[in-house]
Amino acid sequence: MNVIKKIRNQFAHVATPMDFNSEKIPDQCKGLSLSYHESTISPREHFTAAILGLLGRINAETLKCEAPEIKVDNTPSKDDKEQFRA
């Protein structure tokens with residue numbers, strides 16, 4: 001995820017037009033561990049594949065999660081409120 005963040009920041013913090021063939025971006029994209037493509041595809045395709053792989057892993061983990069236990073409402077009833085006011 002740190003590599004993805006670095007790539008994103010390079011696009012976000014440079015005032016000049018950039019693409020996936022600019023500066024260090026191609027090497028960073030090809031080094032993404034979640035991209036299982038051949039090294040002959042474009043850096044953008046590596047980046048896209050890595051993002052989709054990461055989203056797939058996140059989705060799989062969320063499906064394993066259990067919903068939290070629903071807590072009983074502790075709000076006093078009208079009768080309880082009346083009793084405390086007396």
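I7 touches F20, I25, Q28, C29, L32 and F47, leaving aside residues up to four places away in sequence; a contact means heavy atoms within 4.5 Å. The model is predicted: local features need pLDDT of at least 70, side-chain atom pairs count only at pLDDT 80 or more, and totals for chains, interfaces and linings use all residues. Numbering runs from 1 along each chain as its sequence is written, and side-chain values use heavy atoms, with hydrogens and water left out.

I7 also belongs to the largest nonpolar core, whose 10 residues are I4, I7, M18, F20, I25, C29, L32, F47, A50 and L54. Such a core is a set of buried Ala, Val, Leu, Ile, Met, Phe, Trp, Tyr and Cys residues joined through side-chain atoms within 4.5 Å, buried being under 20% relative accessible area with a 1.4 Å probe and protein chains only. At least two core residues come from each of the helices tabulated here.

| Helix | Residues |
|---|---|
| α1 | 2-12 |
| α2 | 25-30 |
| α3 | 43-64 |

The largest share of this core, 3 residues, is supplied by α3.

The chain has 4 helices and 0 strands, helices being DSSP runs of H or I with at least four residues and strands runs of E with at least two. The radius of gyration, taken over C-alpha atoms, is 25 Å, well over the 12 Å that the globule rule gives for 86 residues, so the chain is more spread out than a compact globule. That rule is 2.2 Å times the number of residues to the power 0.38. The C-alpha trace spans about 80 × 35 × 15 Å along its principal axes. Of the 86 residues, 22% count as buried.

Notes
Buried < 20%, exposed > 50% of the residue type's maximum accessible area, 1.4 Å probe, protein only.
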